[in-house]
Amino acid sequence: MLVYPLDTFDAPYLENPSDGLVFGHANCEDEQVIIDRINKNGCYGFIAHPYEEGELSYAQWDWDNGATGWAGLELWSNADGQFQQADLSTLNRWHSLLSEIAPPTQGMLADRQEFPTRAPVGLGNSDAHHPGAIGAVFTYARLDAVNPKTLRDAFLSGRCIASDGPLLTVSANQSGIGEVALLPDGNARVVIRLETTTEFGPISDYTLVLEGDGEEIMAIPTQDVSGYAAEFVIQTPKLWQDRTYLTAWAQRTDLQRLALTNPVWLQKTDPGDVDGSGVIDVNDLLSLLADWGPCEGCPADGDWNGHIDVNDILLLLSHWN
Ligand SMILES: [Ca+2]
Ligand SMILES: [Ca+2]
């Protein structure tokens, strides 16, 4: 298991119960004993290689073993970027875990006090325990500062990015991964922005797929894009109405490298409810005024013409409650 501090960076050394902790459960203590020990020492425990078996002494994780308190799972495990059936099974499991998280309300996700016992999170590949893979695999977390609270917040909002080297981020209507994008009901326009890094290479080098709730929504056309960022305006609101989160996939054809974003959470709002609070009041009017002028994919843009102006104020007032 990969561990991060829960409350302190001075967690005591975690005694290895046996050699089995490194290579699997074959000679280990009970799973729950290990997880409890990790949590008791102020760390987070993640299930490594949950669906992989056959190599070394790996065995598939027994999902019916009753163990609780694990914080997440390793999404894929091959440092060479080769995607395997075991990784697909893990991704499917990750999506089912994400679907158990309550959807956002009022522009926010509810705090999950019972984490890590309830609603664990996905985490990028972490195969650094494999000799030769150290330094070749990465898990990214976007943090303003590094401390136990920001790490916990990052896990809970999904701001960890699975990648075997490349880095890909996605945003919807300017809300990034781990944040909530407000999608007004109706003929909404959704601005999708994808960004890579120089390490990742230009966007045109990759096959990119947008997913909602784990299902493919569309392949993203990148052939005419140059550089490391691209924006796409999508005007098919039906695609979004029943989705809770958005992710993006990338695969580089020559190197077989993979990248996967964590979710941008989606909240459908009523027209005029610019801040997603559930009511239309003066706060929405203030939010609208703050976005005055050209504004693509903004919740305040009631008539979706890419511009916030007096017509949007009139529309907002017509829904006032
Ligand atoms: Ca409101
Ligand atoms: Ca407008």
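## Pairing of β6 and β9

Strand β6 (residues 169-172) pairs with strand β9 (residues 190-195) in the antiparallel sense, over 4 bridges. Strands here are DSSP runs of E of at least two residues, and helices are DSSP runs of H or I of at least four residues, both numbered from the N terminus; two strands pair if DSSP finds at least two bridges between them. Within this pairing, S171 has R193 of β9 as its bridge partner.

Both strands belong to an open sheet of 4 strands with antiparallel pairing, in the order β7-β6-β9-β12. Its edges are formed by β7 (175-176) and β12 (229-234), each of which pairs on one side only.

## Model and overall composition

This is a predicted model, in which local features need pLDDT of at least 70 and side-chain atom pairs count only at pLDDT 80 or more, whereas totals for chains, interfaces and linings use all residues. Residues are numbered from 1 along each chain as its sequence is written, while chains are lettered from A and ligands numbered from 1 in the order in which they are written.

The chain contains 6 helices and 17 strands. Of its 321 residues, 39% are buried, a residue being buried if 20 or more other C-beta atoms, placed from the backbone, lie within 10 Å of its own. Among contacts with a separation of 6 or more, 65% are between residues 24 or more positions apart; a contact requires C-beta atoms, placed from the backbone, within 7 Å.

## Strand β10 and its partners

Strand β10 (residues 206-212) is largely enclosed by the rest of the structure, because 5 of its 7 residues are buried. It runs antiparallel to β13, to which 7 bridges join it, and Y206 stands opposite R252 of β13.

β10 also pairs with strand β11 (residues 215-219), in the antiparallel sense and over 4 bridges; G212 has E215 in β11 as its bridge partner. The two strands form a hairpin with 2 residues between them, and D213 in the turn has a positive phi of about 50°.

Beyond its neighbours within four places in sequence, A248 is in contact with L168, V170, L194, L208, V209, L210, E211 and T261.

Notes:
A residue is buried if 20 or more other C-beta atoms lie within 10 Å of its own, exposed if 12 or fewer, and partly exposed in between; C-beta atoms are placed from the backbone. Two residues are in contact if their C-beta atoms, placed from the backbone, lie within 7 Å.
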